[in-house]
Structures are given as structure tokens and as C-alpha cells.
Amino acid sequence: MSGKIVIAVGVAAQPLSAIGITWTGMNWPLGFRDLGWDVWVIESLAGDRCVDARGNKTPAAGSANVAHWTRMMAAFGFAAHSTLLIDGQADNLSDLRDFAADADIFLNLSGHYRSKAVEFPKAVKVYHDGDPAFTQIWSECYACDMNFAAHDRFVTVGTRWNAPERFSPDCGIEWISAFPPVTLSYWPFEPRETFDRFTTIAHWEGYKNVEYREQWFCGKREEFIRMTDVPGRVSRPIEVAMDVHAHEWELPSFREAGWNFVEASGVCSSLEAYASYIRNSSAEFSVAKGGYVLSNGGWFSDRSVCYAAMGRPLVLQDTGVSALLPVGEGYHPFRTPQEAAAACERVIEDFPRQQRLARKLAEEVFNSRVVLPDLLSRL
């Protein structure tokens, strides 16, 4: 199956040291193009959100937002098939309208695209939820307009969203679960000879905690705290690339426990730097947001699929997804600090084999050539 698809991403909105967010969006158009689809990438941005290289507000024309968008669309080969709308306007708006008039699918990542400048008269309008549990709680408990009404189908990265043990509202919507796709040609398998260190790339603190049925859905900070003593139980270093400067005041106790931290700004400054950091890692060790753990809906990371594609084994806090993946074969879930440390040691001891299994997992489960046809069959 192939056709025409318009995909709304969030690339220009995060122009400064946010390549991970760029990849969150771009793996989708890359995957559809790889399947033979005719793809147009779009984003809508308010002019007053445009900033310069230091984060200060500036006119759109000379902004970091436009520069980052232009650079990324060229790098991925979408320069002629992409449109950044600033306050509903763009130089190639008429070209986009012509394409959208016959589009089969409009895929709105995180539902952020709301512009009325373009219509999709024939398209199935698909909402993609990247924050399962938070998205639904914001809507149902906090009366936030999540833009559900503008869509026909609803997809979530909560891979076990329909399991009976999920703890979260569903807003009366039928959600279709799907792993985040990875386009393997951009993440070549490059096995390492010896084990060096575990790494991850993380936001220490994201959005505010939310409450549902007297339970608080938290971010990563609380989960890192729960795992404070894990590095002291592991024979190789564990490193986190994050906004160190902003959180320096709370890191001393973690450093004393053996954690290593590096500034994420350099790691996420370019496509090359981001890929190089993953390539030079031996495996990923990461907690999940507490809300994902509590909801038990199977959230899975679009960063982790890139680690796996390069053959980097995954040691990840379980969000319920362990019921779907081959535990111990490139993927090692944990719930407790003891389980986390034991999983790390298993990966270290079985490193050559675990690298091959991680790549196999990417090829058979996360591969865009697997994820997207399966998703299309269920829309």
C-alpha cells in the first residue's frame, strides 16, 4: 500500500540543541517515504515563538526556528516537499494546498498542528499520541483541549494501551497502539569490541506532574531518585546526557552514588553529534517518566529504537512493554534497583551477543518497514 501523506511534525518549534525532538518527528516521514509513499512534511508556528540562537525572541525571517527547519528538511531530502507555516503563511502554501487536496492521510504528531490554512478533504486525519496517560489526563482531568475533535483515528505509543491493567483514562477514544518507527538505513549496525559505558539522553524534568484518581503521574526526576544507588552496583559507568547546568543543585548526591553527567546541549546540537553519542555508547540505561510506569500502558521511547538499531542493548524501566518484547534478548526491563543492576551486569557479560540481539529487535519490531504497514492495516 502507498499513497500521499502529509505529516505534521514539531521540528522548528524546538530549534536549539533539540535533535532528539527532531528525530521524534522525522522518523515518520522517512519511514513512509521508504515504503514508497509521497510525503509532505509540515509544521505550524506562531511568529511570536521565534527565537535567535540565544533563545531571545526575534522576527521569523532571521530566526533559529526557520534556520533549523531549512537545515533539517534539506538534510533529510524534504526541501521540495515541506512547508513551515508562520502565522498561517508560507511561500509555497499553494503547493501544499494542491498536495493536501488529494492526500490519503494526514498524520498529526502529538496533535500540535491546528492551522486552518490547509484543508485535507479526502484524508483520514490521524492523531498520534506520544505521551500516553499524560495526554488523556490533561484532557479528562484538566479540561485541556488536546485537539482530538479534528481527527478521525487515534494512535498511541502506549503499546499496551488496551491491556486491562492500564491505569489511565481513555477519553472515550479507541486508541491504536504502535511502536515508534525507526528507519534503519539512518542507524547502521556498528558493533563495539569492548563494553565501555551505559548512556541515555534525557530531560531530567519535563512538564508538571498531574493527578488521576488520587495518584500523581510524575516525570523522570522521581524515577532517577528511586534508582540512585544503581551505578554503585554495576561494574561499568552509567552516564546521562541532560541539562546539567539547570539541575546542578540536585546532582551532588547522584555523583556521590556513581552517576556521570554530561551536558546534552553538545550531544543534541546536530544530527552527527546525536548519532555519534549513541554510536560511542555501549548500551542504553534509562528510567521512564513515573507517569508511564504508573499507567503501565506500554510507553516506549523513540530514542531507544535508535539505540537498538545501532546494536546498543536496552536496559529500560518497564512500562508494561515487557509483555510484548523478548526479555533478555537485546531488551532488559527492570522495576527495582536490584533488577536494574542485575540487568546491566547481564548485558556486560553477554555483550557481543546482546548487540546482535538489539539490532535483531530493531529489524523485526521497531523497523519502519514493520511498524508502518501494520499500523496502516489497522487505521
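In this predicted model, ring pairs join Trp-204, Phe-224, Phe-254, Trp-259, Phe-261, Phe-285 and Phe-334 into a cluster.

**Aromatic pairs**
- With ring centres required to lie within 6.5 Å, the count comes to 37 aromatic pairs.
- The rings of Trp-204 and Phe-224 have centres 4.6 Å apart and planes at 10 degrees, so this pair is classed as stacked, the limit for that class being under 30 degrees.
- Distant parts of the chain are linked by this pair, since Trp-204 belongs to the loop between β8 (198–201) and β9 while Phe-224 belongs to helix α5 (residues 221–226), with 20 residues separating them.
- Trp-204 counts as buried because its relative accessibility is 2%, and Phe-224 is likewise buried, with a relative accessible area of 1%.

**Helix α4 and its cover**
- Helix α4 spans residues 134–142, and its buried residues are Phe-134, Thr-135, Gln-136, Ile-137, Trp-138 and Ser-139.
- The elements that cover these buried residues include the strands β5 (124–129), β7 (175–177), β9 (210–212) and β10 (215–217), together with helix α10 (290–295).
- Just after α4, the backbone at Ala-143 adopts a positive phi of about 55 degrees.

**Charges over rings**
- Lys-289 lies over the face of Phe-134, at 5.9 Å from the ring centre, and Phe-134 is itself one of the buried residues of α4.
- Arg-166 is placed over the face of Trp-161, at 4.6 Å from the centre of the ring.

Technical notes
Residues are numbered from 1 along each chain as its sequence is written. This is a predicted model: local features need pLDDT of at least 70, side-chain atom pairs count only at pLDDT 80 or more; totals for chains, interfaces and linings use all residues. Side-chain values use heavy atoms; hydrogens and water are left out. Buried means under 20% relative accessible area, exposed over 50%, partly exposed in between (1.4 Å probe, protein chains only). Helices (H or I, at least four residues) and strands (E, at least two) are DSSP runs, numbered from the N terminus. Contact means heavy atoms within 4.5 Å. Rings of Phe, Tyr and Trp (its six-membered ring) pair if their centres lie within 6.5 Å; planes under 30 degrees apart count as stacked, over 60 as edge-to-face and the rest as tilted. A charge sits over a ring if NZ of Lys or CZ of Arg is within 6 Å of the ring centre and within 35 degrees of the ring normal.
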